[in-house]
Amino acid sequence: MGLIYSHRAPDWPNYTWDRTTFSADLAAVHFRRGQLFVAMAALGIEARQESDLSDLVQDVLKSSEIEGEHLDAQQARSSIARRLALEYAGLEHSSREIAGQVVGTQKLVA
């Protein structure tokens, strides 16, 4: 049986689980998360900045979509990189609209 929506489970909403199995799965997830952090640290600051930049671009794009606006991903990337003083060759110029969206993103202001 594959994954299903919780509200379609036959025992909805009366769930039971095996703590031992659950704990083992949770421990495996935490272990893999630790491996990811170690790998990111080994890559160095440039790779981490790239990863952070990609995350922030997605945040800005998704936030604007919620508000019914669709921004150009490359312009959003350029605006965020400039605001964070990240050096990336070949960045295209971003519009005022996108720069405003970036400034309005809470993660960048905080």
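Q: Is lysine 62 buried, partly exposed or exposed?
A: Buried means under 20% relative accessible area, exposed means over 50%, and partly exposed lies in between (1.4 Å probe, protein chains only). Lysine 62 is partly exposed, with a relative accessible area of 45%. This is a predicted model, in which local features need pLDDT of at least 70 and side-chain atom pairs count only at pLDDT 80 or more, while totals for chains, interfaces and linings use all residues. Residues are numbered from 1 along each chain as its sequence is written, and side-chain values use heavy atoms, with hydrogens and water left out.

Q: With which residue does lysine 62 form a salt bridge?
A: A salt bridge is a side-chain nitrogen of Lys or Arg within 4 Å of a carboxyl oxygen of Asp or Glu. Lysine 62 pairs with glutamate 65, and their closest N and O atoms are 3.9 Å apart. Glutamate 65 is partly exposed, at 38% relative accessible area.

Q: How are lysine 62 and glutamate 65 placed in helix 2?
A: An α-helix has 3.6 residues a turn, so residues three or four places apart point the same way. Lysine 62 and glutamate 65 are three residues apart in helix 2, which means that about one helical turn separates them. Helices (H or I, at least four residues) and strands (E, at least two) are DSSP runs, numbered from the N terminus.

Q: How many salt bridges does a search of the whole structure find?
A: The search finds two. Arginine 77 forms one of them with glutamate 50, with the closest N and O atoms 2.5 Å apart. This pair links distant parts of the chain, since arginine 77 is in helix 3 and glutamate 50 in helix 2, 27 residues apart. Arginine 77 is buried, at 18% relative accessible area, whereas glutamate 50 is partly exposed, at 28%.

Q: Which residues make up the largest nonpolar core?
A: A nonpolar core is a set of buried Ala, Val, Leu, Ile, Met, Phe, Trp, Tyr and Cys residues joined through side-chain atoms within 4.5 Å. The largest one here has 10 residues: Leu53, Leu56, Val57, Val60, Leu61, Leu71, Ala76, Ile80, Ala81 and Leu86. Helix 2 (45–66) and helix 3 (73–83) each supply at least two of its residues. Helix 2 gives the most, with five residues.

Q: How many helices and strands does the protein have?
A: There are five helices and zero strands. Buried residues make up 21% of the 110 residues in the protein.
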